[in-house]
Amino acid sequence: MRRRVLSGLFGVVLASCATVPASTCAPPARGVACLRHVSAGVARPRDPDALSPAQVKAMLRDFTDTLRRRYSVSDERQLEASRRLAGRIDIPVRFHVITDGRNGRLSTAVINEQLRSLNAAYGGTTGGADTGVSFRLVTADVVRNAQWFERPHDYQPQMLGTLARGGPGTLNLFTAAVGSEVLGFSSFPQWYRLRPSTDAVVVDYRSVPGGPFAHFNRGYTAVHEIGHWLGLFHPFENGCAPPGDGVDDTPYEALPTQNCPEIKDTCPAPGTDPVHNFMDYAWDPCMTSFTPGQGLRIRAMWAAYRAGQASAARRRSR
Ligand SMILES: [Zn+2]
């Protein structure tokens, strides 16, 4: 069962990512950015859902081009110096709980715990930098649909088209049975312009705080996937080769972290691997931090793609 879920999702990802021209940052048809794995060893070194180095570079180039176009600055530090960067970002969250009628139903208390987990991680109280991001629950709905619940990846267009609300500055967070080895997936902000209907984060309902997934039940799958939604790459992106994940203070890393090693150093460049970073693949209790550079990147990505943008006729508001 576990393997079947994994290979099934990989097949879909191969079909969508393989058709994306490497020279562009066009989103795949169903908006898959990241599939967080329980066992990174299974996913590497030939992880078919990984973005190619060319795709990562194109997305970073699109980011700097967008900053230049919107703010006449060439990087996020200039944007920060110009004082046009938001000090804090308050993100409204629309929480969609998908259930098959028997499984997947989350209590209000658990939903609130997931929000607390997000705010602790992004606020720096778990040990890292305060990214300047906080999350505020505005709606929570429970929807019974066995197909969406069991195959959220396949039914993304229907599920998001029916339930997602708000523009680029609203986070639509879904829980469903993503899988026992694949824990969640998300979109990137660069993709909103072309495919606003795929803008969302989906995580497995068993990965929420207190859920049944051992080692992955502090709600950090949502933290990780929302990191992508906010514009962060994995620290192991591009391995030891520049530009890595494009963030200055996350050391290069050849391979994703598994379990919870005390220390790991896989690249000759200075700095040990960021094994405790929320954007790596370690167990939830091992994850503690974002870096100041990731916080700055998030706020600049927000300025580039999500702040003050028209909702692109994407969703009805209600
Ligand atoms: Zn990821």
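Val-223 counts as buried because 22 C-beta neighbours lie inside 10 Å, a residue being buried if 20 or more other C-beta atoms, placed from the backbone, lie within 10 Å of its own. The model is a predicted one, in which local features need pLDDT of at least 70 and side-chain atom pairs count only at pLDDT 80 or more, whereas totals for chains, interfaces and linings use all residues. Residues are numbered from 1 along each chain as its sequence is written.

Val-223 is found in helix α8, where helices are DSSP runs of H or I with at least four residues, numbered from the N terminus. Leaving aside residues up to four places away in sequence, Val-223 touches Ser-117, Leu-118, Ala-121 and Phe-278, contact requiring C-beta atoms, placed from the backbone, within 7 Å. The C-alpha atoms of Val-223 and Asn-119 are separated by 9.1 Å, although these residues are 104 apart along the chain.

Helix α5 (residues 108–123) and helix α8 (residues 220–229) pack at an angle of about 55°, with their axes 9 Å apart; the axes are lines fitted to C-alpha atoms over the stretch in contact, and angles run from 0 to 180 degrees between N-to-C directions.

Across the protein of 318 residues, 49% count as buried.

Notes:
A residue is buried if 20 or more other C-beta atoms lie within 10 Å of its own, exposed if 12 or fewer, and partly exposed in between; C-beta atoms are placed from the backbone. Helices (H or I, at least four residues) and strands (E, at least two) are DSSP runs, numbered from the N terminus. Two residues are in contact if their C-beta atoms, placed from the backbone, lie within 7 Å.
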